[in-house]
Amino acid sequence: MLADLAWDDVRLFLALHRARTQGEAAQALGINPSTVSRRLVALEEALDTVLFDRGRDGLRPTQAAEALVVAAEEAEAGVLRFQQA
């Protein structure tokens, strides 16, 4: 459910967008690749959209993902400011 969207979902999205593979995102987050896969599916279901096209070469962001990147990066910056305050 979208109301349950958490910072960890945004972190996962950014890690996937930056790494472009589930394995690299998992490594960056310190979690298992299968966990990344499950959480990505849950996030896409909550947002009711596909965020990444999956292929042999990894993940390719969809237009929906590209539309969310700036907001996700702003949220990340806000969390970092909060942690530093």
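**Exercise 1.** State how much space lies in the largest pocket and which residues line it.

*Solution.* The largest pocket of this predicted model holds about 160 Å³ of space. On a 1 Å grid over the protein atoms alone, a pocket is an open set of points where a 1.4 Å probe fits, with protein on both sides within 12 Å along at least five of seven lines; the volume is the space filled by probe spheres set on the points. Its lining (residues with an atom within 4 Å of a point) consists of L5, D9, V10, F13, L43, L47, L51, L68, A71, A72 and A75. By class, ten are nonpolar, none is polar and one is charged, where Asp, Glu, Lys and Arg count as charged. At least two lining residues come from each of α1 (7-19), α3 (33-47) and α4 (63-84), and α4 gives the most, four. Helices are DSSP runs of H or I with at least four residues.

Residues are numbered from 1 along each chain as its sequence is written. Local features need pLDDT of at least 70, side-chain atom pairs count only at pLDDT 80 or more, totals for chains, interfaces and linings use all residues, and side-chain values use heavy atoms, without hydrogens and water.

**Exercise 2.** Classify how α1 is oriented to α2 and to α4.

*Solution.* The axes, lines fitted to C-alpha atoms over the stretch in contact, come within 8 Å for α1 and α2 (residues 22-29) and cross at roughly 130°. For α1 and α4 the angle is about 120° and the axes are 10 Å apart. Angles under 35 degrees count as roughly parallel, over 145 as roughly antiparallel, 65 to 115 as roughly perpendicular and the rest as oblique. Therefore α1 and α2 are oblique, and α1 and α4 are oblique.

**Exercise 3.** Describe how β1 and β2 are joined.

*Solution.* Strands are DSSP runs of E with at least two residues, and two of them pair if DSSP finds at least two bridges. Four bridges join β1 (residues 52-55) to β2 (residues 58-61), and the strands run antiparallel. D53 stands opposite R60.

Definitions and conventions:
Axes fitted to C-alpha atoms, helices over the stretch in contact; angles between N-to-C directions.
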